[in-house]
Amino acid sequence: MTDLHIVPTEFLEIKPETAAAIFFLANTLQREAAAWSVAYDDVATLALTVPLALSNALVCPWRRRDEVRASKRMGNWLFWLDDVIEGTASDMLVDDLIEGCRAVAAGEQPSIDHSLLRALADIRAELAAAPLWPVLATRWQERVMRTAVGYRRYREFSRALAEGTPPSPAEYMTVTLGVEVTRVTHLIAAEGLDVVDHLEPLLQAIEAQDHAHRLVNDIQTVGRDRRDGDINVLFLGVTPQEATDQAEDYVASAHSVLRPLVAARVRAAIEVDRQTSFTIAFYRAMDYRM
């Protein structure tokens with residue numbers, strides 16, 4: 001029988017002062033996200049801004065709010081993009097939005113006016129002023145487009161599943177969940193040019209984290225996806241245990257790639273490493289839309 005009066009050691013390791021600092025950062029990020037959201041047709045709901053703010057604050061509580069503001073906004077924007085693409089009746093309108101995303105990411109004027117695109121332009125403008133922008137601009141643009149096109153493919157996959165011609169698990173797993181563009185956004189906004197020498201292992205680990213995130217998200221949301229008619233790896237012949245094993249392999253790969261940089265106390269690597277572990281633990285309990 002568990003003694004309810006015994007406090008687990010890992011919780012005692014969290015100093016009250018640290019908990020207060022995490023709370024302050026999370027609260028500040030949530031309020032900022034909510035205020036930003038209002039300017040763009042309420043891009044984010046309270047149900048999303050709170051867990052996203054907490055995630056950022058818990059993973060890297062040493063950051064200033066201006067260092068994590070852009071990635072926090074990108075996280076909210078991605079949920080919004082997913083909702084808009086999923087809820088748009090016409091494939092032609094979806095394609096127009098995706099082309100608009102391409103134009104905005106490249107610094108061009110989009111052919112249509114949409115609050116989704118104005119919000120993306122706002123994020124890009126902040127990133128373009130950062131020292132790492134010339135180094136990572138192309139990578140960021142590629143990942144914005146990979147995510148937007150990927151959400152379009154989710155639409156197609158869901159229809160194919162309903163018609164009895166689903167994609168293969170491998171084909172499905174080529175589509176990003178958006179983790180990569182969020183983490184690259186964070187690198188640009190929060191890091192300086194000294195991180196350039198570490199970019200390849202960081203990006204490799206971020207890609208593995210994206211795959212792991214996709215799998216654990218699907219395990220957690222399978223009930224909702226079945227109800228809503230959405231695509232999910234567990235509808236493609238993959239068992240929950242197989243998905244769990246694959247996710248753990250991706251997590252191990254990310255940790256392995258980052259291990260030398262974490263040992264050298266490279267801040268960016270520590271944050272990606274912590275984010276990877278946090279994601280797995282988070283999705284064992286809930287998901288961001290619950």
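Let me begin with what I mean by a pocket: on a 1 Å grid over the protein atoms alone, a pocket is an open set of points with protein on both sides within 12 Å along at least five of seven lines, and its lining residues have an atom within 4 Å of a point. A volume is the space filled by probe spheres set on the points, which are joined across faces, edges and corners.

This is a predicted model, in which local features need pLDDT of at least 70 and side-chain atom pairs count only at pLDDT 80 or more, while totals for chains, interfaces and linings use all residues. Residues are numbered from 1 along each chain as its sequence is written, and side-chain values use heavy atoms, leaving out hydrogens and water.

The second largest pocket has a volume of about 170 Å³, and its lining consists of E13, I14, K15, T18, I22, L58, P61, R274 and F278.

The largest pocket, in turn, has a volume of about 910 Å³. Its lining has 41 residues, and F79, D82, Y151, L177 and N217 lie nearest its centre. The elements giving two or more residues to that lining include α4 (65-87), α7 (133-162) and α10 (199-228).

Finally, the cysteines: C60 counts as buried because its relative accessibility is 3%, and buried means under 20% relative accessible area with a 1.4 Å probe, protein chains only. C101 is buried too, at 0%.

Terms used: 1 Å grid on protein atoms, 1.4 Å probe; cavity = no way out; pocket = protein on both sides within 12 Å on 5 of 7 lines; lining within 4 Å. Helix = DSSP H or I, 4+ residues; strand = E, 2+ residues; numbered from the N terminus. Buried < 20%, exposed > 50% of the residue type's maximum accessible area, 1.4 Å probe, protein only.
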